Amino acid sequence: MSELTKEQKTLLQWMHTGRTFKICSDYGPMKGDVQPKSRLPVRVFSGTVDKLYQAGLITFAPVNFFGLRWDEFSLTARGRNAL
């Protein structure tokens, strides 16, 4: 696994307490939006999510949120051990 950036480590530490975030994956004006915007410790970019997911540090489950499909990301056991 390649080295994580400071922001990626910060996001993983934030998620370590059981927190999750959602990204809208439905087609429409909200596609790509992130929830919760105000409580995330860093700005989340798609490249960050892709890298953490491909490394097996986070996983997602599709959920219905505000009537749209969102992907809810959570920390994996491998992600907890990476800290």
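Here are some questions and answers about this predicted model.

Q: Why are α1 and α2 called roughly perpendicular to each other?
A: Start with the angle: helix α1 (residues 6-15) and helix α2 (residues 46-54) pack at about 70 degrees. Angles of 65 to 115 degrees count as roughly perpendicular, so that's the label this pair gets.

Q: What else describes how α1 and α2 pack, besides the angle?
A: Two packed helices are described by the angle between their axes and also by the distance between those axes. Here the axes of α1 and α2 are 11 Å apart. There's a handedness too: the crossing of α1 and α2 is right-handed.

Q: What makes the contact between α1 and α2?
A: On the α1 side you'll find Gln8, Leu11 and Leu12, and on the α2 side Thr48, Lys51 and Leu52. Contact here means heavy atoms within 4.5 Å.

Q: What lines the largest pocket, and how much space lies in it?
A: About 160 Å³ of space lies in the largest pocket. Its lining includes Ile23, Cys24, Lys31, Tyr53, Phe60 and Asp71. By class, the lining residues divide into six nonpolar, three polar and three charged.

Q: Which element gives the most to the lining of the largest pocket?
A: That's α2, with four residues. β1 (21-24), α2 and β4 (68-75) each supply at least two residues of this lining.

Q: Where is Pro36, and is the peptide bond from Gln35 to Pro36 cis or trans?
A: Look in the loop between β2 (34-35) and α2 for Pro36. The bond from Gln35 to Pro36 is cis, with omega near -5 degrees.

How values were computed: Residues numbered from 1 in each chain as written. Predicted model: local features only at pLDDT ≥ 70, side-chain atom pairs only at ≥ 80, totals over all residues. Heavy atoms only, no water. Axes fitted to C-alpha atoms, helices over the stretch in contact; angles between N-to-C directions. Parallel < 35°, antiparallel > 145°, perpendicular 65-115°, else oblique. Left-handed = near helix turned anticlockwise from the far one by under 90°. 1 Å grid on protein atoms, 1.4 Å probe; cavity = no way out; pocket = protein on both sides within 12 Å on 5 of 7 lines; lining within 4 Å. Points joined across faces, edges and corners; volume = space filled by probe spheres on them. Nonpolar A, V, L, I, M, F, W, Y, C, P; charged D, E, K, R; others polar.
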